[in-house]
Amino acid sequence: MDEAAAAAKNYSPHVLIFPFPAQGHVNSMLKLAELLSLSDVYITFLVSKNIHDRLLHHTDVKSRFSNNPGFYLQVLPREIDEDHPTSPDAVAKFFDSLQIYGKPYLRELIDDKGNRNKRPPITSIIADLSAALEVAQEIGLPFIYFRTISACAFWSYFCIPQLIEAGELPFLGDDMDVRIVKVKGMEEFLRRRDLPSICRGRDLANPVFKLFVSETLQTVGAQGLILNTFDHLEEPILNLIRSKYPNLYTIGPLHTHLKTRLQAAKLTSISAESSNSLWEEDRSCINWLDEQPAKSVIYVSFGSITRVTRDQLMEFWHGLADSGIRFLWVLRPDSIIRKEGEIKTPEEVDLEEATKARGYMVGWAPQEEILAHQAIGGFLTHSGWNSTLESIVAGKPMICWPFFADQQINSRFVGEVWKLGLDMKDTCDRVIVERMVRELMEERRDELLERGAEMAKLAKNAISDGASSFLNLNRLVEDIRRTRI
Ligand code: UDX
């Protein structure tokens with residue numbers, strides 16, 4: 001064997017994966033990590049101590065990692081113990097601590113003098129944090145950005161400098177229905193209210209606004225860009241993104257992609273129970289769903305970050321109860337903004353009352369399994385990207401009540417482009433909730449479910465052997481092996 005062939009044989013690709021520490025990001029990055037691991041790529045998955053402990057709380061997650069000798073769960077230093085930063089201040093603090101503590105830590109981890117960790121050397125980095133890109137550039141290590149949002153949201157962030165230049169940002173005047181024309185590819189249907197929520201502030205010097213824009217623009221320095229989407233869903237926008245990022249890997253929907261590859265590798269026992277939840281799932285709702293008629297229940301969940309006021313909560317509660325439609329509602333204990341001194345959830349909103357209104361409530365649920373359940377006919381969602389993709393794969397139409405960030409644009413695409421549901425953004429009124437729930441679950445039920453089934457088929461096709469996401473994932477693995485990226 002010649003020297004080059006011997007070196008190629010001994011070469012072990014080892015990717016450091018570093019997600020922003022929140023459920024939506026950790027979830028999709030972990031799925032990617034497991035997909036790469038199935039292709040014999042070593043993985044170091046870097047998380048805060050808090051997230052590490054919460055992940056390992058699940059016995060199935062623990063056994064998935066401990067049964068995989070090439071998968072290392074690595075804990076960040078104590079100074080960066082940010083756990084699910086949700087407020088703008090907490091996000092800014094996290095990014096500051098990355099600069100101060102994160103970058104030196106990354107250098108040390110990658111350098112690993114004396115091989116203290118007894119692992120093959122790290123050969124590339126995948127992250128959604130520009131601090132990691134800066135370290136990769138210093139060291140000369142290949143870096144791939146994985147933005148865990150939709151292509152349409154990513155592209156709208158990318159176009160913000162053009163919006164400012166054209167005077168479309170900041171908004172002058174309060175009319176949120178004014179058309180935005182400088183996001184190429186969306187001129188026909190994008191309104192101010194559909195732009196990412198950071199665009200709503202009038203102060204463009206706001207640190208969080210600047211952070212979102214600079215994080216997006218820095219991505220051009222990476223050797224590749226991964227998006228959890230599929231070509232058929234966002235083709236025109238993906239073509240625009242490709243003109244800036246020729247090395248684009250569209251490999252989604254990741255949760256289904258992982259399940260399919262685990263099945264192909266005959267590791268179905270793992271896929272059946274796999275969960276990346278940071279909270280304990282209350283599985284009693286599955287037993288409740290088993291007793292409900294087909295497509296009769298609307299699933300209500302606003303993801304891991306959204307917080308509602310007491311008034312908003314009551315509008316949803318009355319709207320759902322008055323619709324007469326069965327509902328399964330995930331109400332995280334920390335999701336209600338309480339007035340000072342108020343500690344209890346409003347008395348009307350409890351399991352007993354929900355039961356009277358033909359509903360069921362839990363604090364956190366196995367969402368992917370719920371969306372796939374035959375009793376679910378629709379999803380009232382905050383339009384987080386993971387939730388949106390999970391709903392598309394399950395063929396379930398949506399009512400969108402976007403809360404912040406990328407969700408405003410996702411919901412516009414659901415309603416206007418993909419015709420997969422109704423966009424309720426910027427209203428929270430019991431009469432509208434009731435009307436939309438009826439529209440989705442009764443009046444337009446068959447039409448929307450038919451559309452949902454078409455989209456679900458396209459999503460599943462994308463990850464099948466030889467299709468776009470399947471081929472892109474193989475290309476990503478190949479590039480990681482050859483450290484071409
Ligand atoms: C947010 C964003 O809005 C999202 O678009 C961005 O990419 C990451 O940050 P989040 O608000 O948590 O994320 O929403 P989402 O992206 O939908 O992720 C929530 C995840 O939690 C989903 O994978 C969902 O299946 C899971 N989940 C939610 C549960 O497992 N159980 C629940 O009860 C609720």
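These entries record what I looked up in the structure above.

**Model and numbering.** I am working from a predicted model, in which local features need pLDDT of at least 70 and side-chain atom pairs count only at pLDDT 80 or more, while totals for chains, interfaces and linings use all residues. Residues are numbered from 1 along each chain as its sequence is written.

**Ligand.** I looked up the surroundings of the ligand and found 25 residues, the closest being G24, G303, Q367, G384 and S387; a residue is near a molecule if its C-beta atom, placed from the backbone, lies within 6 Å of it. Two or more residues of this shell come from each of α2 (23–38), α16 (367–372) and α17 (385–394), where helices are DSSP runs (H or I, at least four residues) and strands likewise (E, at least two), numbered from the N terminus. I noted the shell's make-up as eight nonpolar, 14 polar and three charged residues, with Ala, Val, Leu, Ile, Met, Phe, Trp, Tyr, Cys and Pro counted as nonpolar, Asp, Glu, Lys and Arg as charged, and the others, Gly among them, as polar.

**Sheet.** I traced an open sheet of six strands in the order β12-β10-β8-β13-β14-β15, with parallel pairing; two strands pair if DSSP finds at least two bridges between them. Because β12 (359–362) and β15 (421–423) stand at the edges with a single partner strand each, one side of each has no neighbour in the sheet. Strands β13 (residues 376–381) and β14 (residues 398–400) pair in the parallel sense over three bridges, and L380 stands opposite I399 in β14. I also saw that α18 packs on the sheet, where α18 touches β14 and β15 and its direction makes about 130° with that of β15; contact requires C-beta atoms, placed from the backbone, within 7 Å.

**Helix pair.** I then followed α18 (residues 407–417) to α7 (residues 151–158), whose axes come within 9 Å and cross at roughly 130°; axes are lines fitted to C-alpha atoms, for helices over the stretch in contact, and angles run from 0 to 180 degrees between N-to-C directions. The residues making this contact are C152, A153 and S156 of α7 and I409, N410 and F413 of α18, and I classed them as four nonpolar, two polar and no charged.

**Backbone details.** I found a cis peptide bond between L169 and P170, with omega about -5°, and P170 lies in the loop between α8 (160–165) and α9 (207–218). The bond from G252 to P253 is cis as well, with omega near 0°, and I placed P253 in the loop between β7 (248–250) and α11 (254–264). R358 is not a glycine, yet has a positive phi of about 60°; I located R358 in the loop between α15 (351–356) and β12.

Conventions:
Two residues are in contact if their C-beta atoms, placed from the backbone, lie within 7 Å.
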